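Colleague: I am new to this structure and would like to go through it with you. Could you show it to me, please?

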Protein chains: 2
Amino acid sequence: MSELRQIHLKESLLKANDFVASTMRDRFGSQGSFVVNLLSSPGSGKTTLLEKALPKLQERHSVLVLEGDLETERDAERIRGVGVRALQMTTGGACHLEAHQVQQTWERIADDGPWDFVFIENVGNLVCPASYDLGEHLRTVLLSVPEGEDKPPKYPKAFHSSQQMLITKVDLLEHFDFRVDEVERLAKELRPDIDIHHVSAKTGDGVDAWIESLLSARERLFAAS
Amino acid sequence: MSELRQIHLKESLLKANDFVASTMRDRFGSQGSFVVNLLSSPGSGKTTLLEKALPKLQERHSVLVLEGDLETERDAERIRGVGVRALQMTTGGACHLEAHQVQQTWERIADDGPWDFVFIENVGNLVCPASYDLGEHLRTVLLSVPEGEDKPPKYPKAFHSSQQMLITKVDLLEHFDFRVDEVERLAKELRPDIDIHHVSAKTGDGVDAWIESLLSARERLFAAS
């Protein structure tokens with residue numbers, strides 16, 4: 001029997017995050033909360049989509065939004081402006097949310113629930129948030145038409161680690177060289193089973209279908225458990 | 001006389017970067033190279049602007065582009081497509097470029113110069129690159145109209161640390177609620193002396209004025225030294 005001589009600690013930070021995330025996922029599930037982690041570049045339309053979709057979802061379900069930003073409470077204020085409960089989490093300059101931040105936030109708000117749906121709007125950044133599990137049940141990456149069709153291969157982890165992709169601002173398609181089928185092909189190269197929706201928060205196109213996909217995913221989760 | 005008892009190493013990584021960056025800035029200057037570090041979100045139009053501007057700049061000056069990306073050589077290929085020398089630096093997933101990467105790249109390409117202008121296109125990320133000096137003479141942050149006017153206060157370091165801001169894709173202004181004067185006000189709250197230009201790589205508006213600003217900045221640098 002060999003004696004333990006050395007432990008590599010390089011990945012310990014990420015592993016601690018995974019431990020917290022896994023614990024939180026169980027806790028969210030046991031409290032009936034379906035949790036969505038929204039990832040995208042700055043300005044892809046995460047907040048605008050939530051402003052459009054959540055008042056509808058809230059007609060039949062309780063909804064909470066946790067807003068992640070470097071600074072300011074602007075996004076939480078926008079969400080509250082459409083009558084949805086929102087809590088701002090500012091990272092003080094850090095480029096992503098971590099599971100322990102969600103855990104500490106949850107300790108302070110879980111009792112105000114139960115919350116059927118919790119949306120975590122991550123820091124606007126297509127790189128770093130992809131490496132941090134927050135305990136979500138669904139990771140949704142947004143790609144807006146103005147950003148261009150080359151983003152999946154250039155930011156592979158964000159697309160590979162997401163179960164769902166929303167192509168946003170599709171009302172602008174006529175103004176851009178953006179081939180939807182090419183973007184879908186590139187995303188599916190990274191994740192063949194990715195669930196793709198096209199939405200426009202401006203016209204409302206695709207928003208109901210996205211809400212339906214969330215209701216179905218929540219039903220599947222709690223039917224299975 | 002007190003004895004040295006403790007050294008705080010927390011910031012040592014950033015300080016090593018600053019040391020390399022400062023050394024490189026001197027080296028670039030002594031070789032006649034004016035270096036621009038371009039920062040923005042993914043899809044703000046950095047590569048498209050360079051494709052439009054650099055062939056003009058190259059009529060009278062030697063130009064080199066260093067492309068920073070997580071993965072792929074797509075952007076370097078686009079720059080080469082307009083006849084400009086470009087070298088791809090892939091970070092293998094890291095969210096920003098660091099000065100030592102630029103230094104190692106420079107060792108391999110400086111002798112092919114002299115280069116009057118070197119453009120470093122950073123990883124598409126409005127957060128992390130703002131913390132890393134690459135030895136540039138000018139840091140330019142791009143904000144595209146579709147991203148929305150709230151970005152300066154939400155990503156303050158990117159705007160505070162940049163001497164120049166380009167509002168890009170201004171041909172799209174009619175399709176968005178984007179008040180140029182409000183964005184300028186927000187950026188100037190973070191950096192009162194920031195030099196602001198409005199450009200459209202699509203129509204060409206503002207591109208010549210931006211090139212002029214680079215020529216003037218280079219002249220000022222080498223007149224002073």
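Colleague: What span should helix α8 (residues 207-224) of chain B have, at 1.5 Å a residue?
Modeller: In this predicted model, α8 of chain B has 18 residues and should therefore span 26 Å; its end C-alpha atoms are 26 Å apart, in agreement with that value.

Colleague: Which residues of α8(B) are buried?
Modeller: They are B:Trp210, B:Leu214 and B:Arg218.

Colleague: Which exposed residues does the face turned away from the buried side of α8(B) carry?
Modeller: Among them are B:Asp208, B:Glu212, B:Ser216, B:Glu219 and B:Arg220.

Colleague: Let us change topic. Which residues touch the most other members of the largest nonpolar core?
Modeller: That core has 116 residues, and A:Val118, A:Ile120, B:Val118 and B:Ile120 touch the most other members. Leaving aside neighbours within four places in sequence, A:Val118 is in contact with A:Phe28, A:Ser33, A:Val35, A:Leu64 and A:Leu66.

Colleague: Now the pair of chains. What rotation superposes chain A on chain B?
Modeller: A rotation of 180° does so, with 0.0 Å of shift along its axis and an RMSD of 0.0 Å. The two copies are thus related as by a two-fold rotation axis.

Colleague: How many residues of each chain are in contact with the other?
Modeller: Contacts join 30 residues of chain A to 30 residues of chain B. On the side of chain A that touches chain B, the largest share, three residues, comes from α5(A). By class, this side of chain A has 12 nonpolar, nine polar and nine charged residues.

Colleague: Do the copies meet through the same surface or through different ones?
Modeller: They meet through the same surface, because 100% of the interface residues of chain A are also interface residues in chain B.

Colleague: Where does A:Pro146 lie?
Modeller: A:Pro146 is in the loop between β5 (138-144) and α5 of chain A.

Colleague: Is A:Pro146 buried or exposed, and why?
Modeller: A:Pro146 counts as buried because it has 26 C-beta neighbours inside 10 Å.

Colleague: Which residues does A:Pro146 touch, not counting those up to four places away in sequence?
Modeller: In chain A they are A:Lys169, A:Leu172 and A:Phe176, and in chain B they are B:Gly43, B:Ser144, B:Pro146 and B:Lys169.

Terms used: Residues numbered from 1 in each chain as written. Chains lettered and ligands numbered in written order. Predicted model: local features only at pLDDT ≥ 70, side-chain atom pairs only at ≥ 80, totals over all residues. Least-squares fit on C-alpha atoms with pLDDT ≥ 70 in both. Contact = placed C-beta atoms within 7 Å. Helix = DSSP H or I, 4+ residues; strand = E, 2+ residues; numbered from the N terminus. Nonpolar A, V, L, I, M, F, W, Y, C, P; charged D, E, K, R; others polar. Core = buried A, V, L, I, M, F, W, Y, C linked by C-beta atoms within 7 Å. Buried ≥ 20, exposed ≤ 12 C-beta atoms within 10 Å, placed from the backbone. Expected span 1.5 Å × (residues − 1).
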